[in-house]
Amino acid sequence: MIKYLTLIYLLFACNSIVIGQQLSYEEPPRQENTYLFEVLNYDRQPKPPTYIYNRILQIHENAMPLWTAQDSMFYAYENVYLQKFELALSVFSRLNTDTIAEPHAKSLYRTTLFKTKRFELLAAYNEKTLRENPNAFYSVKSAYQDLVKAYIANRTNTFIPDSTAIFSVLKDPALEEMKRNVSPHKNRLVDIAFAIDSAFRQFTILHDDADYVLSKAFEEMADFQRDYFYLTNAYFYYSGSRHYNKNDKEVVTKYNQVINEMNKKRYLFISFKNKFGKIIKNRYRLEDDYIEKAAPEDSVSMRALYPAPKKEVKKDYLPWIDYPILIMIILGLALLFVLLFMKVKK
């Protein structure tokens, strides 16, 4: 009897230990599965393609007065990399920008128009160069243009904070009816997310300044990701919103709520710093010595871009004599005086 009681006691004790272990067990942190839409690394300070790199080297081997229109175009590209956007625009404005065909070069021109706040010109350029995708529910072109319209509205004081929607498609009731688990290439919600993210990748190039409109755009995308996709993505876009406007308390509240939700589900956080990257002032000038080997500021080409400063006119007391000849005469008289002085002394 004692043996049976001992055996029952041991079995009960072992069960208690196992139950205790199961109760104290916590699921290890894990990465959220973002199969439908994953945020890839942003390239906000893209390196010059090989053809631009080589051409910038080539054009500076010649004097600016000998440059062709195409040489000047590459000089404009160089100044975009150096973040001298007004100078780049002044060069672009004297050239036929319709000849810009390569996607990276188009991106540099768009960056110039955006950073110099030529929003109407940017909208017209996008309309002319971006293609519509008839198969997409919401195209990349639409996302570009919606963002430009928001900048124009903000400048003309018709953008009402906290009520004006930048991407009106995100308020469309039809989104509720769309199937969420359809494969990415057939998913209309993915079309929307891809288009907006593509616009962000253009408008964040070489752009680190405080920007209310871009901050609100990132917030709208974060809300969309939180409602229809993934907390991890929402965390990234709320971080982007805070990057361009640190004083928005509503965004901070949403940001903290997402963090709490991710902690409860034990999701690992992606690194916003690594995903979004950073912009280094004059990066290519510091790291590579191929940029800004331009001629001096008083070159013929620079005088064509900017009005020449007024030169101080000195009075010419001896208009009939050149300065080099005058200096030679003075030196000759001085030498004659020294020789005369030595002869008199002897």
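Please keep in mind that the model is predicted.

Let's begin with a helix pair. Two packed helices are described by the angle between their axes and the distance between the axes. For helix H3 (residues 69-81) and helix H4 (residues 85-92), the axes come within 8 Å and cross at roughly 160 degrees. Angles over 145 degrees count as roughly antiparallel, so H3 is roughly antiparallel to H4. H3 passes H4 in a left-handed crossing. On the H3 side, the residues in contact include Tyr75, Ala76 and Val80, and they meet a set in H4 that includes Leu87, Val91 and Phe92. Sorted by class, this contact holds ten nonpolar residues, two polar ones and no charged ones.

A second pair lies further along the chain. Helix H10 (residues 231-244) packs with helix H11 (residues 249-264) at about 155 degrees, their axes 9 Å apart, which means that H10 is roughly antiparallel to H11. Their crossing is left-handed. Among the H10 residues in this contact are Leu231, Tyr238 and Arg242, while H11 brings, among others, Val251, Lys254 and Glu261. Here the classes come to ten nonpolar, three polar and three charged residues.

Now for the core. The largest nonpolar core has 88 residues, and those with the most contacts inside it are Leu147, Phe167, Phe200, Phe224, Phe229 and Tyr237. Helix H8 (residues 188-203) supplies the largest share of this core, nine residues. Tyr237 is worth a look on your screen: leaving aside residues up to four places away in sequence, Tyr237 touches Phe37, Val39, Tyr42, Asp197, Phe200, Phe218, Met221, Ala222 and Gln225.

Notes:
Residues are numbered from 1 along each chain as its sequence is written. This is a predicted model: local features need pLDDT of at least 70, side-chain atom pairs count only at pLDDT 80 or more; totals for chains, interfaces and linings use all residues. Side-chain values use heavy atoms; hydrogens and water are left out. Axes are lines fitted to C-alpha atoms, for helices over the stretch in contact, and angles run from 0 to 180 degrees between N-to-C directions. Helices (H or I, at least four residues) and strands (E, at least two) are DSSP runs, numbered from the N terminus. Angles under 35 degrees count as roughly parallel, over 145 as roughly antiparallel, 65 to 115 as roughly perpendicular and the rest as oblique. A crossing is left-handed if the near helix is turned anticlockwise from the far one by less than a right angle, and right-handed if clockwise. Contact means heavy atoms within 4.5 Å. Ala, Val, Leu, Ile, Met, Phe, Trp, Tyr, Cys and Pro count as nonpolar, Asp, Glu, Lys and Arg as charged, and the others, Gly among them, as polar. A nonpolar core is a set of buried Ala, Val, Leu, Ile, Met, Phe, Trp, Tyr and Cys residues joined through side-chain atoms within 4.5 Å. Buried means under 20% relative accessible area, exposed over 50%, partly exposed in between (1.4 Å probe, protein chains only).
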